[in-house]
Amino acid sequence: MARVHNFSAGPAALPLEVLEEAQSELLDYRGLGMSVLEMSHRSAAYQQIIEETEETLRDILDIPDTYRVLFLQGGATLEFAGIPLNLMRRGRAGYLVTGNFAKKAWQEAQKYGEAPVLASSEGTSFDRIPDLGPVASRVAEGDLDYVYICQNNTIFGTEYRELPQTGETPLVADVSSCFLSHPLDVERYGLIYAGAQKNAGPAGVTVVIVREDLIADGPARADICPTYLDYRLQASKESMYNTPNTFGIYLCGKVLRWIERTGGLKAMQARNQEKADVLYGLLDKSEIFHGTAQPSSRSLSNVTFRTDSPELDKEFVSGAAQRGIQGVKGHRLVGGMRASIYNAVTLDDVKTLASYMEEFEASHSAK
Ligand SMILES: *Cc1c(COP(=O)(O)O)cnc(C)c1O
């Protein structure tokens, strides 16, 4: 079996142990004579799977009892609408536009109310997290239902070092690509959500963690909110209003237990930092590769870089593929390269990429 060094941005690498466990249970889940794929979501066995998945997530992230955990479908993208539909009670929320996904969320919110931009880095091609200073004073005006951020910008390779100060105004964060990469202080947020396919499992599951009081009165826009997106209803039905992504949630449970077994989020953070240091350290001394994110905004999950020429970038990416290094082509919006180094990407994978970069540099500077 030859597995590649997978730096894909998502769907992304999963821990081998998780895949092997799922494989071993695929035809006969724990003596029940059927696969989880074939099992009723109302069965006792499945009930236990979803409950254990939530419990493990609560343990790992230390989620307070005052928060509800939902396992939904539709990707992070559907929550771009779900958030304003549920939380825009007075019709106005502030958005920080730090990349493509933040911009999409902001555009979606404008269908349901006013969405003033509190800060943006679009003017510098999203190469940084903008100055958060102006956010606090705008929030202090007291008319915003929530403040929205995309905490790690998957495409541009930037991540917040500190969160904006929003006082009593709930902070809402898309954490899709930094979820489970490091500890999060859940109580700092009103709502966080993540598409699972970056770090938590397969595509098709979105985890929403929301403070219960924010949804206790039902959706802000109950008149038009699709029943599926009604967070209060989904919470009251334990994410089983309709058929959930049963197999996807089961795999998320396995990933979560793998995180727990291998040391929890502090250990993930230390390992991810070590991996990131290898690549950023190399970029800082390289003559031909340049990091595209400002150093003070660099992401722990997505390392974006390029050479000075698109032809050389192309050559780098195809040479990588020949060495079993996959998924390093940058997003079409940024070009260049991107190495996504989520939890399941090993230090060994990263060192393989780093040696290839050094080799590439040596052979190209000699010319
Ligand atoms: C991948 C990603 C999305 C989009 O997720 P889908 O599941 O494809 O809807 C949104 N936000 C961030 C930060 C992402 O990384």
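The legends below describe close-up views of a predicted model.

**View 1**
Helix H10 comprises 13 residues, 310-322. The distance from its first C-alpha to its last is 19 Å, close to the 18 Å expected at 1.5 Å a residue. Asp313, Phe316, Val317, Gly319 and Ala320 of H10 are buried. Viewed down the helix axis, the buried residues of H10 lie within an arc of 165° and therefore line one face of the helix. An α-helix has 3.6 residues a turn, so residues three or four places apart point the same way. Glu311, Lys314 and Gln322, on the other side of H10, are exposed.

**View 1. Surroundings of helix H10.**
Gly324 follows H10 and has a positive phi, near 75°.

**View 2. The seven-stranded open sheet.**
Seven strands form an open sheet with mixed pairing, in the order S2-S10-S9-S8-S5-S3-S4. Strands S2 (67-72) and S4 (117-120) stand at the edges; each has a single partner strand, so one side of each is left without a neighbour in the sheet. From one strand to the next, the twist averages 15°. Helix H2 (residues 44-61) packs on the sheet, where it touches S2 and S10. The direction of H2 makes about 130° with that of S2.

**View 3. Pairing of strands S9 and S10.**
Strands of a sheet pair through backbone hydrogen bonds, either parallel or antiparallel. Strand S9 (residues 191-195) pairs with strand S10 (residues 206-211) in the antiparallel sense, over five bridges. Within this pair, Ile192 stands opposite Ile209 in S10.

Thr206 is found in strand S10. With a relative accessible area of 0%, Thr206 is buried, the cut-off for a buried residue being under 20%. Leaving aside residues up to four places away in sequence, Thr206 touches residues including Leu70, Phe71 and Leu72. Its contacts also include Gln73, Gly74, Gly75, Ala76 and Glu79, as well as Tyr193, Ala194 and Gly195. The side chain of Thr206 reaches the backbone oxygen of Gly75 at 3.2 Å. Ala293 is 87 residues from Thr206 along the chain, and the C-alpha atoms of these two residues are separated by 27 Å.

Conventions: Residues are numbered from 1 along each chain as its sequence is written. This is a predicted model: local features need pLDDT of at least 70, side-chain atom pairs count only at pLDDT 80 or more; totals for chains, interfaces and linings use all residues. Side-chain values use heavy atoms; hydrogens and water are left out. Helices (H or I, at least four residues) and strands (E, at least two) are DSSP runs, numbered from the N terminus. The expected span of a helix is 1.5 Å times one less than its number of residues. Buried means under 20% relative accessible area, exposed over 50%, partly exposed in between (1.4 Å probe, protein chains only). The arc is that of the directions from the helix axis to the C-beta atoms. Two strands pair if DSSP finds at least two bridges between them. Axes are lines fitted to C-alpha atoms, for helices over the stretch in contact, and angles run from 0 to 180 degrees between N-to-C directions. Contact means heavy atoms within 4.5 Å. A polar contact is a pair of N or O atoms within 3.5 Å; within protein, one must be able to donate a hydrogen and the other to accept it, and residues adjacent in sequence count only if both atoms are side-chain atoms.
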